[in-house]
Amino acid sequence: MRFFLISILLWVGATAASAAPVCRNWDGSPAKAEGYIVSYVFEINPQDRVNSRGVALNDALALIQQDRANMHRFNAPGYLDEWDSFFTELDQRSMISNADLRTFCGANVPDLESMMIDARYNNAFIVDVFQESGRLVLFVSVMAG
C-alpha cells in the first residue's frame, strides 16, 4: 500500500512538472519577464486570411504568421498592425508555425483561436513573444472588439 501511494504521488508530481503552463499572469510589464522578446498589436485582416499563394488559412498560428509577413515582407499591414523588431526576417516568422499559443489566465485558448479564425469577428490582439526552453511562445489576448 505504501509503495502504491508513493508511486501515485511521484506520477502526479511528474505529470504536473511536465505540463507546460497554458497561461501567465503578469506582475507588471511583460518586458521584465524572463525570455521576453517583443510585444505588438495586430488585427486579422482579409489579406491575413490567405497565404501568399491565395490559399485560405484556418489556423490561428498561420494567421499570425501571415499577418507578420504582410507587415514585413509585403508592406501591407492592417490599420492597427504594429511593427515589431523580431519577425522582420523569414527565419523568425517561420518559427510562429511551431510556437506555443497561450493566453492570459482565466481565458480559453481554443476560444481565442476560434475568435481569430472566424472572419465575423473584428478584434485587435496584443501578443507578447517569449523564448521558453528554446521554444517560441506567443501570449495573445483580445485587445478590442
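Predicted model: local features only at pLDDT ≥ 70, side-chain atom pairs only at ≥ 80, totals over all residues.
Local features were required to have pLDDT of at least 70 and side-chain atom pairs pLDDT 80 or more, while totals for chains, interfaces and linings use all residues. Residues are numbered from 1 along each chain as its sequence is written, and side-chain values use heavy atoms, with hydrogens and water left out.

Helix α2 (residues 60-72) and helix α4 (residues 109-117) have axes that come within 9 Å and cross at roughly 50°, where helices are DSSP runs of H or I with at least four residues and strands are runs of E with at least two, numbered from the N terminus. The axes are lines fitted to C-alpha atoms over the stretch in contact, with angles running from 0 to 180 degrees between N-to-C directions. In the contact (heavy atoms within 4.5 Å), Ala60, Leu63 and Ile64 of α2 meet Glu113, Met116 and Ile117 of α4.

Six salt bridges, defined by a side-chain nitrogen of Lys or Arg within 4 Å of a carboxyl oxygen of Asp or Glu, are found in the whole structure. In one of them, Asp84 pairs with Arg68 at 2.5 Å between the closest N and O atoms; both Asp84 and Arg68 are buried (under 20% relative accessible area, with exposed being over 50% and partly exposed in between, for a 1.4 Å probe and protein chains only). A salt bridge also joins the side chains of Arg102 and Glu132, at 3.0 Å from N to O. Because Arg102 lies in strand β2 (residues 100-102) and Glu132 in strand β3 (residues 124-132), this pair ties together parts that are 30 residues apart in sequence. Arg102 is buried, at 4% relative accessible area, whereas Glu132 is partly exposed, at 23%.
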